[in-house]
Amino acid sequence: MKKSLLALAVLGAFAGAAQAQSSVTIYGIVDTGIAYSSKVATATGGTGSKFGINSGVIQGSRIGFKGVEDLGGGLSAVFNLEAGFTNDDGGLQGSDAVTSSNLFRRKSVVGLAGGFGTVLLGRQTDFADTISAYTAVNDFGGVVSNSGSGLNRLQGTRTNNSISYTTTNLSGFTGNLIYGFGEQAGKTSAGQAYGIGGKYDNGPLGLGINYYQSKAGSTPSDTSLIPAAGTTGNANTAAAVAGNTALKALNVVASYQFGAARVYANYSRVKQDLKGTPTVATATLGNAQKVDTYEVGTAYSLSPSLKLLAAVDHSRATFNGVDGKGKLTQISLGADYWLSKRTDLYAFVSNMRATDIQNPGVTGGATGSDASQTAVITGIRHKF
């Protein structure tokens, strides 16, 4: 009897030790807002106001699982699985022409971490997503996506079949490399992608830079080149130009904390050399050959719980075979009030103006029918 009790005690000790060396965390965000948009294009070619409930206004609603196992000697195994969903209708968020449903479309990685840094394999964002913390994406999220940050990757665009390496913090500097495999037999360059980035944090100062380049192919690793499910795609995914560079994106960002106010500015250039000549209806940022985007903004803390927000985004687009430049200017104002460390209420008003380019509208599914559109959004976000 005593031997049995002793054996159980030893097994329990080993089990406790094993459990202490590994952990799994479940986390998520539920973000929903009520949105009003003026001058929205209707299905019959007219115009009208639009009211709706939108999921993922600031941050995409999601549920995730991340874990770490201590392997000894300072080495750990890590993983992160993250599924996006639209909580206004309860659906999974998105699919593409490659798979019928992307369950863990936001992130699906496994790798090793230690004193050397972190190596991850799977579906993941490049470093532009990390340095977006210094931009309006941090405060306004998807509200500013259509004026340029949705194209230059600051909103977090994924790379399939990729491997990344991120350094540890080196006196404030963190660097990153990413490579995406195109997985096309006979032509290694087809569909491949690669990027390099870095950031520097020193007290109130934050600096970041990232460059990303991807190539066309039948199975492009850059998900921005994959057509949406049910569509026929575009010139960027044509097999006839497999291996040709489809996208180049450069982001340079800076942020500084002046007491209660954080001020920031950034610049990006996106080149898409494979884009054809657009029609009036398809003259969008996504179909431009070159887009330069400029941004300035601030976040002012009136109190530990309340922030006042402002940002101006301006993009200039050049199209193949078209004289002149299309211009988009978005002015956004907002307030963010934290009820607790995990729950906040927000309110935004934003105006989008377009010249010689289609007005994409401020919110998704609200393409502007006029050169100027205004949106008002209020909502709640909860993190767990």
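Over the ring of which residue does the charged end of Lys-66 sit? The ring is that of Tyr-27, with the charged end of Lys-66 placed 5.2 Å from its centre, where a charge is taken to sit over a ring if NZ of Lys or CZ of Arg is within 6 Å of the ring centre and within 35 degrees of the ring normal. A further contact of this kind involves Arg-153, which lies over the face of Tyr-212 at 3.7 Å from the ring centre.

The model is predicted, so that local features need pLDDT of at least 70 and side-chain atom pairs count only at pLDDT 80 or more, while totals for chains, interfaces and linings use all residues. Residues are numbered from 1 along each chain as its sequence is written, and side-chain values use heavy atoms, with hydrogens and water left out.

A search of the whole structure returns 10 salt bridges, each defined as a side-chain nitrogen of Lys or Arg within 4 Å of a carboxyl oxygen of Asp or Glu. Among them, Lys-39 and Asp-370 approach with their closest N and O atoms 3.6 Å apart; this pair links distant parts of the chain, 331 residues apart, with Lys-39 in strand β1 (residues 22-41) and Asp-370 in the loop between β17 (343-355) and β18 (372-383). Helices (H or I, at least four residues) and strands (E, at least two) are DSSP runs, numbered from the N terminus. Lys-39 is partly exposed at a relative accessible area of 37%, and Asp-370 is partly exposed at 35%, given that buried means under 20% relative accessible area, exposed over 50%, and partly exposed in between (1.4 Å probe, protein chains only).

The salt bridge between Arg-262 and Asp-139, at 2.8 Å from N to O, likewise links distant parts of the chain, since Arg-262 belongs to strand β13 (residues 261-271) and Asp-139 to helix α3 (residues 137-140), 123 residues apart. Both Arg-262 and Asp-139 are buried. In the salt bridge of Arg-381 with Asp-344, the closest N and O atoms are 2.8 Å apart; Arg-381 lies in strand β18 and Asp-344 in strand β17, so the pair ties together parts 37 residues apart in sequence. Arg-381 counts as buried at 5% relative accessibility, as does Asp-344 at 0%. Salt bridges with shared partners also join Arg-62, Glu-82 and Arg-106 into one network.

Strand β12 (residues 245-258) runs antiparallel to β13 and is joined to it by 11 bridges, with Asn-251 having Ser-268 of β13 as its bridge partner. The hairpin of β12 and β13 has 2 residues between the strands, and Gly-259 in this hairpin takes a positive phi near 60 degrees. Strand β13 pairs with strand β14 (residues 290-301) in the antiparallel sense over 11 bridges, and the bridge partner of Arg-269 in β14 is Asp-292.

The structure holds 6 aromatic pairs, in which rings of Phe, Tyr and Trp (its six-membered ring) have centres within 6.5 Å, planes under 30 degrees apart counting as stacked, over 60 as edge-to-face and the rest as tilted. Tyr-179 and Phe-181 form an edge-to-face pair, 4.8 Å centre to centre and with 90 degrees between the planes. Tyr-267 and Tyr-294 form a tilted pair at 5.3 Å and 45 degrees; Tyr-267 lies in strand β13 and Tyr-294 in strand β14, so this pair ties together parts 27 residues apart in sequence.

How values were computed
Two strands pair if DSSP finds at least two bridges between them.
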